[in-house]
Amino acid sequence: SANYYRCHVSSLYLCVLFKYFVHLGVSVEIIGGHEAKPHSRPYMALIEDAKGKPFCGGTLIKANWVLTAAHCNRGKPFQVILGAHSISADDKNKQKIKVKKAVPNSCFDNSTGENDIMLLQLDRKAVLNKTVSILELPGPKLLKDVKAGTTCTIIGWGATSKKEELSDKLMEATVKIVDRKICNSHKFWNFNPVITTNMLCAGDIKGKKDSCKGDSGGPLICKKQLSGITSFGPKCGTFKKPGIYTRLTENYVLWIQKKLQELD
């Protein structure tokens with residue numbers, strides 16, 4: 001069918017590498033960054049399993065909706081923490097809310113990373129205040145492709161070194177968008193997998209700044225606008241292997257709006 005074709009346009013030979021990255025948990029920590037100012041990113045969501053173990057990040061886009069990556073869907077009960085800075089601290093600002101429903105994009109291809117986007121419907125609305133607030137989605141027509149060389153910010157509690165131990169404090173780092181032609185070249189990702197127009201390639205040319213394990217699903221902020229979602233990468237901070245982000249396109253924003261209207 002036409003829908004099947006849209007969802008499976010990538011060739012099968014691209015599957016192996018991405019499966020290796022995702023299923024071994026080598027998704028995308030903040031390498032080479034710094035601690036964020038406490039509660040300066042009030043839209044950040046920490047996603048953890050039922051036992052309280054964090055594994056992904058997300059962005060609060062509505063009082064009861066979080067935007068994250070589809071590969072963060074574990075198919076088991078999980079919850080989000082809002083208003084957090086330190087994972088371990090007993091902070092009165094924290095709001096722990098169970099996930100009522102996970103809504104991954106139906107065209108998500110786990111083998112290539114295409115359409116790595118998911119909505120989480122929360123069990124109740126968050127209490128919005130100074131430490132918990134919404135990051136508004138850009139209007140569909142404002143979502144132009146991010147130009148190569150643009151400086152963006154990545155945010156998360158992911159690992160801060162290649163040892164892959166998660167950070168207790170919320171971290172952030174600046175990265176630059178890499179041209180897709182360069183990112184797909186044989187010296188970089190070599191079309192394995194293909195970095196499509198639904199993705200953004202971003203990092204530090206020396207491999208000193210990157211997202212890493214535990215950062216998956218968190219936001220990529222470019223020019224003060226939500227522009228992407230942390231998706232995948234190889235070993236964190238790898239030279240000539242920049243992190244890959246789901247680009248927030250007009251089609252994705254329309255999909256989000258449709259799902260919110262259907263399910264809210």
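Predicted model: local features only at pLDDT ≥ 70, side-chain atom pairs only at ≥ 80, totals over all residues.
**Helix 4**

Helix 4 runs over residues 250-263, 14 residues in total. From its first C-alpha to its last it reaches 20 Å, close to the 20 Å expected at 1.5 Å a residue. Which of its residues are buried? They are Y252, V253, W255, I256 and L260. These residues cover an arc of only 155 degrees around the axis, which puts them on the same side of helix 4. An α-helix has 3.6 residues a turn, so residues three or four places apart point the same way. On the other side of helix 4, N251 and Q261 are exposed.

In soluble globular proteins, nonpolar side chains tend to be buried together. Here the largest nonpolar core has 45 residues, and those with the most contacts inside it are L67, L82, L119, L248 and I256. Elements that give two or more residues to this core include strand 2 (44-49), strand 5 (78-82) and strand 12 (225-232). Helix 4 gives the most to this core, with 5 residues. Where does the core lie relative to the two domains? Domain 1 (42-134 + 252-263) and domain 2 (140-248) both give residues to this core, so it lies between them.

L248 illustrates the packing. Apart from residues up to four places away in sequence, L248 touches L67, I117, L137, P138, L143, L226, S227, G228, V253 and I256. A second, separate core has 11 residues, among them C152, A173, L200 and A202.

**R41**

R41 sits in the loop between strand 1 (34-35) and strand 2. Although 42 residues separate R41 from G83 in sequence, their C-alpha atoms are 8.8 Å apart in space. Leaving aside neighbours within four places in sequence, R41 is in contact with T153, I155, L170 and E172. With E172, the contact includes a polar one between the two side chains, at 3.1 Å.

**Q121**

Q121 is in strand 7. Is Q121 buried or exposed? Its relative accessibility is 6%, so Q121 counts as buried, the cut-off being under 20%. Not counting residues up to four places away in sequence, Q121 touches N64, W65, V99, K100, K101, L263 and D264.

Methods: Residues numbered from 1 in each chain as written. Heavy atoms only, no water. Helix = DSSP H or I, 4+ residues; strand = E, 2+ residues; numbered from the N terminus. Expected span 1.5 Å × (residues − 1). Buried < 20%, exposed > 50% of the residue type's maximum accessible area, 1.4 Å probe, protein only. Arc of directions from axis to C-beta. Core = buried A, V, L, I, M, F, W, Y, C linked by side-chain atoms within 4.5 Å. Domains from an automatic or database assignment. Contact = heavy atoms within 4.5 Å. Polar contact = N/O pair within 3.5 Å; in protein donor to acceptor, adjacent residues only side chain to side chain.
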